[in-house]
Each structure stands twice: as structure tokens, then as C-alpha cells.
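The following report describes a model of two chains, with attention to how its elements are arranged. Please read it alongside the sequence and coordinates shown here.

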Amino acid sequence: MSQRTVNHWLIHHAARHAPEILAERLEEEWLSDLQARTSSLSRLRFAIGCFWATQVIAWEHQPSRAAVASTTAAGSGVVAYADQNFSFISLKSSTFFLVVSLHIVLIYGFMTAISHTHKSAVPDPLQNRDLPASPPLEQPPPLPGPTLKTWTIDVPRPVVNVPPEPIPGDAITGNVVEKPAEPTSPPAQTHVVKQVVGGTGAGFPDTADFYPSQSIRLGEQGISTVQVCVDAKGRLISDPTTVKGSGSARLDEGALKLARAGSGHYRAATEDGQPVSSCYPLGIRFQLKN
Amino acid sequence: MGKKDANIRMSLQTLRVLEAFLENPTEQLSGADVHQRCRIASGTLYPILLRLESAGWFVSQWESIDPSSAGRPRRRLYRLTSTGLRRASEVFASFNRGVLA
């Protein structure tokens with residue numbers, strides 16, 4: 001059904017509800033004026049307005065209303081300016097009621113759809129039902145156990161001939177241990193000089209005080225051997241040098257600092273009981289305590 | 001439509017319709033013409049036109065054309081009567097005085 005048909009249908013039915021004497025005239029007049037409207041929406045509004053205009057006209061042309069309408073409102077002229085005659089249903093009101101009706105229909109449709117969906121989602125009431133006893137489950141066959149094979153490897157025991165090497169320092173306490181005196185060659189002369197290698201004396205600094213903090217965090221341990229030259233009074237006569245590193249530059253540097261700090265606290269080597277200047281290796285062990 | 005009474009109750013929309021006719025009292029206007037000038041909805045406009053015609057302020061007649069040759073239906077044209085012109089002028093004159101008579 002096209003909109004033109006709808007408009008004509010509305011106007012036709014509107015005119016049918018008008019007083020009989022006006023019906024044909026109003027229908028022809030409205031159909032003529034309908035063509036003056038340009039837009040389709042304007043035509044539709046016009047047709048709807050004609051429908052409501054008919055209601056007003058019919059209401060005013062009732063015999064009782066006609067008598068009232070023909071009376072003067074006031075003897076002195078214009079009195080009432082309220083649109084009382086035909087404002088009870090205006091186009092705005094009709095549009096408002098139409099919009100409200102559409103909303104009601106939409107809301108009703110939504111509610112109906114939701115209730116239908118909700119109803120289908122509700123599960124059936126719970127029913128107790130005795131299930132037949134299930135047959136006992138068959139025990140699965142035992143899995144084959146793992147097969148362990150024993151391998152015998154004959155490793156020849158290596159024969160290592162290592163000359164005993166003196167361990168400098170105490171590995172547990174971190175104290176510096178003197179290197180044992182090397183065996184002296186048999187005296188070529190008749191006079192035998194008794195030599196005692198020097199070492200650390202009283203007041204020598206503690207190794208823990210020179211343990212590099214970063215090495216402690218990294219868990220670095222090792223033995224650093226430094227060469228010290230000490231005079232007869234136990235003082236360094238030259239800067240100590242590293243002769244065998246520990247594998248950590250930090251530990252080697254800590255060992256050198258310890259050797260320098262110990263100047264004056266070395267025990268000088270002796271020859272025939274007399275302290276003499278000498279150089280000897282000093283092993284310094286850095287080991288972390290649990 | 002007989003002319004029953006020259007007195008009619010006014011409304012804002014009625015005044016606007018009368019104002020459109022008073023611009024050229026001799027001019028004949030259809031409902032569509034009045035709508036274009038006043039922008040009054042059809043549900044309000046046609047009852048006013050009929051009411052004023054019934055009161056004798058307007059007269060109406062069909063447009064004197066041949067719809068088949070013109071290609072459109074004939075229009076219903078409204079025109080102010082001498083009574084309508086006088087009464088409408090009195091109404092607007094009362095507004096100009098600022099006091100409702």
C-alpha cells in the first residue's frame with residue numbers, strides 16, 4: 001500500500017465521519033489541498049490532521065453543541081482566547097499519543113520476547129530417577145614395568161705423580177699460613193746457615209676485612225698468591241705483586257691491598273736467627289663462611 | 001452554511017487565520033494557502049474555517065476550473081465577507097488598544 005493510498009484512505013474515512021452535509025465537500029477539499037503539500041511526511045500529517053479535524057467538526061455540529069457554539073461568548077466582544085473549541089486534540093497531541101502508543105507496543109513486544117526466552121531457559125523441575133547399577137569396571141591389565149639395563153664401564157685409573165705442593169694459608173679460617181721452608185740444598189760449605197722464611201706476624205690484618213664486597217655478593221672464592229719483599233723489621237720494601245691469580249681480578253686486588261696493609265706486621269726471614277730482608281710468596285685465601 | 005451569528009470566540013489560531021485574510025481582504029484563499037501563511041495544522045485549520053464560515057465571517061465556493069483540463073482537483077476558496085472584515089478589524093483594533101473589549 002503506497003503512501004498516497006494511505007493518505008487518500010485517511011481523508012476518505014475522515015470525511016465519512018464528518019456531518020453528512022459536509023462529507024463530500026470536505027473530502028474533495030482536503031484531497032485538493034493535499035496536493036499542495038510537497039513532502040510525503042507533510043502529506044501524511046495533513047491526512048492525519050484531517051482525521052482529527054473531522055472529529056472536531058462533528059463534535060461542534062452536534063445539535064446541543066451547535067446551540068452552544070452559536071451563542072455569544074460575551075456581549076461586549078472577544079472574551080475567551082483559549083483554544084477551547086478544538087484544541088482538545090491537536091496534531092501535537094495526536095503525535096504524542098502516537099509516539100507513546102508505539103513505545104508501549106515496543107515495550108510490550110520486548111517484554112513478551114524476554115518472557116518467552118526466559119520461559120524456555122527455565123529447566124524442567126528436578127526429577128529423581130533410579131539409575132540401573134552400572135557393571136563393575138574391568139581392571140586394566142598391568143602395564144609392563146620399565147626394563148633397566150646395567151652398564152659396566154671400565155675406566156682405567158690414572159696414575160698421576162704430583163709432587164706435594166705447599167698450600168699457602170688456612171682454607172677454613174682465611175688466615176694466612178706461612179709457606180713451609182723449602183728444603184735447602186745440602187751445605188756445600190762447612191758452615192751451615194739456618195734460614196727461616198718470613199711470614200705474617202702479629203697484628204697482620206684480617207683477610208675478611210679485605211674481602212671485596214662484590215665478590216662476596218657474587219660468591220667468588222679463591223687463593224691469590226702475592227710476592228712480598230720485607231725488610232728485617234717486617235716492613236715492605238717494595239710494592240707487592242701478584243704471582244698467581246685466583247681467577248678473579250677483584251680477589252687479586254683485595255689480596256694486594258691486604259699485603260700492603262700488612263706492612264710492618266710481617267715476620268722477617270731469619271738467617272741464623274737474625275732477621276734479614278727477603279722476598280717470598282704469600283698465599284691469601286678468600287673463602288666465604290657459611 | 002447559513003450565517004448564524006457574527007460573534008465567535010477567538011483563539012490564537014483563529015486570529016492568525018484572520019490575519020492571513022486581512023492582508024488582502026478581497027483575496028480568496030484555499031486551506032492550503034492559509035496553511036502556507038499561518039502554518040496551522042489541518043486538524044486545527046479546517047474547523048476554524050468552517051466555524052468562521054458558519055458564523056458568517058467567511059464565504060466559500062469551489063474554484064471555477066475544469067479539473068480534467070487543469071489536471072488537478074478544484075479547490076475550495078474562502079473569502080472574507082463584509083461582516084467578517086468588520087468584525088475581524090474590530091478584534092485587531094481591540095488588540096491595538098491594548099484592552100480587550
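Which residue in strand 8 of chain A does A:V226 stand opposite? The residue that A:V226 faces there is A:L282.

This is a predicted model, in which local features need pLDDT of at least 70 and side-chain atom pairs count only at pLDDT 80 or more, while totals for chains, interfaces and linings use all residues. Residues are numbered from 1 along each chain as its sequence is written, and chains are lettered from A and ligands numbered from 1 in the order in which they are written.

**Overall make-up and confidence**

Chain A has 7 helices and 8 strands, whereas chain B has 5 helices and 3 strands; helices (H or I, at least four residues) and strands (E, at least two) are DSSP runs numbered from the N terminus. Read from the N terminus, the elements of chain B follow the order α-β-α-α-β-α-β-α. A residue is called buried if 20 or more other C-beta atoms lie within 10 Å of its own, exposed if 12 or fewer do, and partly exposed in between, with C-beta atoms placed from the backbone. By this criterion 22% of the 290 residues of chain A count as buried, and 42% of the 101 residues of chain B do. Two residues are in contact if their C-beta atoms, placed from the backbone, lie within 7 Å. Among the contacts in chain A with a separation of 6 or more, 70% are between residues 24 or more positions apart; in chain B, 54% of the contacts between residues at least 6 apart in sequence join residues at least 24 apart.

The predictor's confidence in each residue is given as pLDDT, from 0 to 100. Chain A has a mean pLDDT of 77, with 72% of its residues at 70 or more. Within chain A, confidence is lowest in helix 4 (residues 63-70), with a mean of 52, and highest in helix 7 (residues 249-261), with a mean of 92. The pLDDT is below 50 over residues 67-88 of chain A, a stretch that has 35 contacts in the model beyond near neighbours in sequence. Residues 169-175 of chain A also stay under 50, and for them the model has 17 contacts beyond four places in sequence.

**Strand pairing**

Two strands pair if DSSP finds at least two bridges between them. Strand 3 (residues 222-230) of chain A takes part in two of the pairings tabulated below, and A:V226 also stands opposite A:T242 in strand 4 of chain A.

| Strand | Partner | Sense | Bridges |
|---|---|---|---|
| Strand 3 (residues 222-230) of chain A | Strand 8 (residues 278-286) of chain A | antiparallel | 9 bridges |
| Strand 3 of chain A | Strand 4 (residues 241-244) of chain A | antiparallel | 3 bridges |
| Strand 1 of chain B | Strand 3 (residues 76-80) of chain B | antiparallel | 2 bridges |

In chain B, an open sheet of 3 strands has the order 1-3-2, with antiparallel pairing. Its edge strands, each pairing on one side only, are strand 1 (29-30) and strand 2 (58-62) of chain B. B:L29 stands opposite B:Y78 in strand 3 of chain B. Helix 3 (residues 42-54) of chain B packs on this sheet, touching strand 2 and strand 3 of chain B, and its direction makes about 110° with that of strand 2 of chain B; axes are lines fitted to C-alpha atoms, for helices over the stretch in contact, and angles run from 0 to 180 degrees between N-to-C directions.

**The first helix of chain A**

The 14 residues of helix 1 (residues 3-16) of chain A should span 20 Å at 1.5 Å a residue, which agrees with the 20 Å between its end C-alpha atoms; the expected span is 1.5 Å times one less than the number of residues. In helix 1 of chain A, the residues A:N7, A:L10, A:I11, A:A14 and A:A15 are buried.

A:L41 lies in helix 3 (residues 40-60) of chain A and is exposed, because 10 other C-beta atoms are within 10 Å. A:L41 and A:Q3 are 38 residues apart in sequence, with their C-alpha atoms 9.4 Å apart in space.

**Positive phi angles**

A:D272, although not a glycine, has a positive phi of about 55°. A:D272 is found in the loop between strand 6 (269-271) and strand 7 (274-276) of chain A, and it counts as exposed because it has 11 C-beta neighbours inside 10 Å. In chain B, B:R39 is a residue other than glycine with a positive phi near 55°. B:R39 sits in the loop between helix 2 (31-38) and helix 3 of chain B and is exposed, with 9 other C-beta atoms within 10 Å.
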